[in-house]
Amino acid sequence: MMNKQYILQRFAVSENDLLKVISEALSRGGDYADIFFEHTFSNNIALRDGEVNRASSNIDFGAGVRVVSGDQTGYAYVENTELKSLLKAAQTAAGIASVPSVIKDPIAIKESHFKDYYKIQKPWIDVSVADKKSFVQRLNDRIFELDPRVIKASVSLNDSTSYILFFNSEGILTWDYRPMCIMYGSSTMEQNGKIENGSSSRAYRKGFEFLTDELIETLAQEAVAQTSLMFEALKPKGGEMPVVMGAGSSGILLHEAIGHTFEADFNRKNTSIFSGQSGKKICSTNINIVDDGTVEYARGAVNFDDEGIESQKTYIVKDGVLESYLHDRISAKFYNVKPTGNGRRQSFRYAPLPRMRVTYMEQGDIPEADIIASVKQGVYVDHFTNGQVQIGAGDFTFFVKTGYLIENGKLTQPIKDINIIGNGPKALADITMVGNNLKIDEGAWTCGKDGQGVPVGQGLPSVLVSKLTVGGI
């Protein structure tokens, strides 16, 4: 879709300009420097109370220059791509990371081309507001059609298109076209004076082909079904008990409770509970945990990360052993390993950090029904709204939207609004059964870290955690 000439023209720079900026960035002796250009178009259209009542668009444009010198990083950005401004940003970043100047060898530009994990059929920039509005209105109408108890629906569609250009002091020159889309629908129902709500969303790196009749039906059915279930659900008694995590969005356990603690910057600084544990057995040998940027069309997929490293599938845990941390260039150099393609940033205004992409546990060989049947008294959880973790201690709390009691090996009473509390490494070690039903959740997950938010994905087969604290009544 794009070639070198097209992307250079989009940012109004030449190869010679790039060389000048990198040369300036290294003028005070840095070990490494890079430039990250971004041009993003984003749009939102939303419906509430039966009418499309909000539409907005935004354009973001600029570039960031990073200089790394030992443990010191300098970063500066500009909201244009004029050579004068880029050189000033390079000077600023060099000043922050300054060391005695040394003579550098000339840089030879090497174009890098990577596999495309999100080929699109129709770009969002070619789609009218009217075309988008049609789908938003149809989702709203379908939610009302499915259940007479619906009193309100809220629907939104977000799309964005990012053009990325990257160049560094190793001569790597590469570029990317990154689409993103999110459709969200929620329903509010009233029954005998009681009001409940539920929602559903889907997010992909896709173009306009994302919007289909099947998508509309799926979102409407899920939102209404979840809301309907809430009228039957109760808040259970709390305590320590076995917890079966349902396939899909239960992947939040991996992301929050475990995934962050594997990010290499936390381990390099000895603030993660897994610091120094590389190569050691940390859980059952039937557990394999992956962070994968190559899942086609996934929200967390990347063709290359924001440091120009090719996307890849990285085993964090292999056969129960901590195989690898998630590395950016800085941590990889510290550990003397290759970067894993996890250097990510929210936009050109931020320096990259080790971040997850699509994090999931590979499936085992046990049917979910057998896992549930093994539990005499516990809970089954399948929908979450948020979570948080203390990286150093690994302690976590998740808020569960819906689930079920497990009584004598069967799902019985629906439950809602409970907290799951535990410790990440202990919960990982307490996983005793792994299902054969891996599901990558396709919701609109965004990961926050150090003030930056990036799109991510997560997944899990059904698993049994032998002991977790359930916060109920």
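1. Cys447 is buried, at 2% relative accessibility. This is a predicted model. Cys447 is in no disulfide. The nearest cysteine sulfur belongs to Cys181, 20 Å away. Cys181 is buried as well, with a relative accessible area of 0%, and Cys181 is in no disulfide either. The structure holds zero disulfides.

2. Helix H2 spans residues 15–25. Its buried residues are Asp17, Leu18, Val21, Ile22 and Ala25. Viewed down the axis of H2, they fall within an arc of 130°, so they line one face of the helix. An α-helix has 3.6 residues a turn, so residues three or four places apart point the same way. The cover over the buried residues of H2 includes helices H1 (4–10) and H3 (83–96). It also includes strands S1 (32–48), S2 (51–69), S5 (150–168) and S6 (172–191).

3. The whole structure has 15 aromatic pairs. Among them is Phe11 with Phe61, a stacked pair. The centres are 5.7 Å apart, with 20° between the planes. Phe11 lies in the loop between H1 and H2, Phe61 in strand S2. They are 50 residues apart, so the pair links distant parts of the chain. Phe11 is buried, with a relative accessible area of 0%, whereas Phe61 is partly exposed at 23%.

4. Ring pairs also join Tyr6, Phe41, Tyr163 and Tyr177 into a cluster.

5. Two charges sit over rings. The charged end of Arg138 is over Phe135, 4.6 Å from the ring centre. The charged end of Lys206 is over Tyr297, 5.5 Å from the ring centre.

Conventions:
Residues are numbered from 1 along each chain as its sequence is written. This is a predicted model: local features need pLDDT of at least 70, side-chain atom pairs count only at pLDDT 80 or more; totals for chains, interfaces and linings use all residues. Side-chain values use heavy atoms; hydrogens and water are left out. A disulfide is a pair of cysteine sulfur atoms within 2.5 Å. Buried means under 20% relative accessible area, exposed over 50%, partly exposed in between (1.4 Å probe, protein chains only). Helices (H or I, at least four residues) and strands (E, at least two) are DSSP runs, numbered from the N terminus. The arc is that of the directions from the helix axis to the C-beta atoms. Contact means heavy atoms within 4.5 Å. Rings of Phe, Tyr and Trp (its six-membered ring) pair if their centres lie within 6.5 Å; planes under 30 degrees apart count as stacked, over 60 as edge-to-face and the rest as tilted. A charge sits over a ring if NZ of Lys or CZ of Arg is within 6 Å of the ring centre and within 35 degrees of the ring normal.
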